Amino acid sequence: MSARHRIVLTVNGQRVERDVEARMTLADFLRESLDLTGTHLGCEHGACGACTVQLDGNSVRSCLIFAVQADGARVTTVEGLAVKGTLSVLQRSFQQHHALQCGFCTPGMLTTAQAMLAENPDPSAEEVRRAISGNLCRCTGYLPVVAAILDAAAQLRSEAA
Amino acid sequence: MSASTSPGAPWIGRPLRRAEDARFLDGSARYVGDLKRPGMLHGVVLRSDHAHARVRSIDARTALALPGVVAVYTFEDIRRLARPIPLRLGPCPGLERFLQLPLAEGKVRYVGEPLAFLVAEGRYVAEDALELVQVEYEALDPVVDVHAARADRSLLHEALGTNVGSHYTVEKGDVSAAFAGADYTRRETFRCHRQTAAPMETRGLLAEFDAAGRRLRLWGATKVPFYNRRWLAGALDLPEAGVELIEVDVGGSFGVRGELYPEDFLVPFAAMRLGRPVKWIEDRREHFVATNHSREIECELEIACTLDGEIIGLRGRLLADMGAYVRTNGGLVPAKAAQFLPGPYRIPNVGCEVFALLTNKTPVGTYRGPGFYESSFFRERLFDLATADLRLDPAEFRRRNLVTAGEMPYGIENLCPFDADAAYDSGDFVLAFERALAEFDYARVKTLNGTLQDGRLQGVGLGCFVESGGAGPAETARLKVAAGGRIELYTGCSTMGQGHETAMAQIGADSLGLPVEAFSVFHGSTTLVEQGYGTYNSRAMAMGGSAVKLAAENLIAQLLAHVARMHEIEPAALEYSRGAIVRREDHRTLATLAGIAAAAQAGDGQARAAIECSGTFNQTRRTYSYGTNIAHVAVDPETARVEVLRFLAVDDVGRAINPLLVHGQMLGAAVQGIGGTFLDELIYDEQGQLLTGSFADYLLPTATEFPNVEVISLEAVPSTLNPLGVRGAGEGGIIATGAALANAVAHALAPLGVKITELPLSPNKLAQKMREARAAAE
């Protein structure tokens, strides 16, 4: 139970090398070992989406995988979303649309949305709703979140054009 | 969002983006679970597996032998200090007998009741150890509903001889006479289901004790930190000034967080006993059994009216399921449900008998719109059953009976044992109602009632409400002029995600004629202001915001007096204008905020005294917000799946300090209520086991279910009860959701002969109703 394993991974662009307990979740590893507490735990059974991070570009529930499974992977957390210290287009769009209140679900919303936009830069409202349907929010009623993601997508497309 | 941003324009009323957003967007926000202290230990709670049982023994020897386990505390360890968790609100007669101790003493009364607190070096070890504690139970008959509770066959609290926590009757007018002489009466029994708020962040606490200084710090507090500090200091035998409750970022509350719970005693107790910081973070499974439930009420309600639709009487009997103990909110939920049964309507004769009953389930407390959501559903549903009988139009019936602006202030008299002579101070209920009907094109949409459109039955439903909020005890704010003329604003209000940092700055900015950027807002510690109170019942703007305005007025008076003294002239010869003190006659600037702050910094004692000032706003009378909700639904006659085609909530908030934030509150509340009406349900089996103890079973709305929700916050009639004119804005969006949706679904299913009297409107329950109706028709 307490066997330790050495893992090497890239977190928000930084190489990280640590010994971890086999049973430590990736979420606890990020929060406890790396002090990246922006990744939140809302249920610890993979249902609420607050702990979503990107693992090699895909959004995953960090409470459902072990840190050892991330050995060799590239992990992006909410702390890695800002671009050179300024909020990203998506992050600013959340502020613009008042798409957050208590902020607890926000990191998971952002990491999920960013991964979705990387695959589908021009989503419909329905596609956005489906993409974040695994991320629970109790404050906003979701409508501002959907508006923020659609607006960010439009801005990113016009930047790319 | 088209508000002007010119520097001179008022800041109140602007849809300003939140100043606090950045830290939530980049991951640097700090919630209690994110905090670490040197030498910190982790606590976990051993909870009862039984709904009702005697505890024969708790054997923690094996657990204590596990490396890393530091301590296991049971009731015997806290016996000397243990006092029951107090009843803060809602003192219905008799409830004070049913309070909960922080750890069970000899008997458990609900699944999840704390039996022991285990502390270890890490959370993983602590949870391993929890499984090693042996508890021997002797099972007793569980009491799982209000009828079994009233029968008193199995008693939760044997020494008290009854499961009836409180029983009282309230009356206004002459109810018996009204019903005896009525042309038409109709009686029905309604049920509202057990729900919980389920904020995304579970509860958590971190305690650290400095034994030498006899000083306790407790992170994770919110809602009512000043009240909780006083109780904790007493319970832990510490001076009140030696206890600091610190609020860090908070992941939602909606009523359930920040009350005193068993853990609020256990965590600091362990930290004091062990001399090391102790952290406890509730997990989601625990949350479902440990954090307050709400809403479970059965109501028999009867209306009396004339054949043309004038209501002359309303009488009811409420059976409220309180769970196993009475917690801090006492009987607030049933008492408010009873008091507001008449809602926004002119009903001369109203009576209600209230039973608050103890059952072997998690104790209840307040959840957004407590008692209001439930009573709005009971009343508005009964109205539509009555209007169907009388062949009256539901809108016309409501229009006829709504209290008009000309009748304000309107006394609702003594329908609550702890809220005497309540009255609606002001408002135009009809205006909000007509606005909602017009926006919704109600007259046209209602013609779809009961019709089949593309294979689905359609219905449109109304719900009107009032909601109390924003009252005493007093709230305090403190302002301090800092270097460069910046203003530090300290508030006793808590914040759980609403955006108070921005809204408070907007009030301060207008009060002092300065831009919002000049303000730094501080909240979240019991040391920041002398006597704050907290945030609940939509009171932060009405009470805390008004305190900021008063503090600013006091500060200006103090600065004028200071400058007058310096220049040896009368204060009346001076005036304050946008950060400067000027002479009235020639508008010459004699001093600036920056200058006075600099003098204070340089050691000028008089300046130092002048730059800091408090304001306390006191108002014991409640404000009332009010409004109307309309829902349009389509129901699949085969699957019973309901689609909300359109939902509109119109609410008068009196005055919106920040319309962006008010809109966010209303929208979030509406979706929370719509979800609560269709999805959320805490289901217990006959043994008192909770069957819906995870997010896989307790369903919350996601982004896909209810995309067609609109909210309109009016600023029609300012409140007369505070200098800002604000009414509560945090809860209005949720209150009539159940009422309007139930009416809409009922109108859709009327052709099938389905009668809707219960929530939730879940597909399985609706499908069952439809099957029953079809069977009855055959």
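Me: Why is L341(B) called buried?

Reply: Good place to start! In this predicted model, L341(B) has a relative accessible area of 1%. Buried means under 20%, so L341(B) counts as buried.

Me: Where does L341(B) lie in chain B, and which residues is it in contact with?

Reply: L341(B) lies in the loop between helix 10 (332-339) and strand 15 (349-357) of chain B. Leaving aside neighbours within four places in sequence, L341(B) is in contact with C299(B), L301(B), L314(B), C352(B), S375(B), F378(B) and R379(B). One of these, C352(B), is eleven residues from L341(B) in sequence, and their C-alpha atoms are 8.6 Å apart.

Me: What makes the meeting of D34(B) and R31(A) a salt bridge?

Reply: Look at the distance: their side chains come to 2.9 Å, N to O. The cut-off for a salt bridge is within 4 Å, from a side-chain nitrogen of Lys or Arg to a carboxyl oxygen of Asp or Glu, so this pair qualifies. Between chain A and chain B the count is five salt bridges.

Me: How much area do chain A and chain B bury between them?

Reply: About 4100 Å², with 57% of it on carbon and sulfur atoms. In chain A, H98(A), Q101(A) and R138(A) lose the most area to chain B, together 20% of what that side buries. The contact takes 45 residues from chain A and 52 residues from chain B.

Me: How do helix 15 and helix 16 of chain B pack?

Reply: Their angle is about 35°, and their axes are 9 Å apart. Helix 15 of chain B passes helix 16 of chain B in a right-handed crossing. By class, their contact has ten nonpolar, five polar and one charged residues.

Terms used: Residues numbered from 1 in each chain as written. Chains lettered and ligands numbered in written order. Predicted model: local features only at pLDDT ≥ 70, side-chain atom pairs only at ≥ 80, totals over all residues. Heavy atoms only, no water. Helix = DSSP H or I, 4+ residues; strand = E, 2+ residues; numbered from the N terminus. Buried < 20%, exposed > 50% of the residue type's maximum accessible area, 1.4 Å probe, protein only. Contact = heavy atoms within 4.5 Å. Axes fitted to C-alpha atoms, helices over the stretch in contact; angles between N-to-C directions. Left-handed = near helix turned anticlockwise from the far one by under 90°. Nonpolar A, V, L, I, M, F, W, Y, C, P; charged D, E, K, R; others polar. Buried area = accessible area lost by both parts, 1.4 Å probe.
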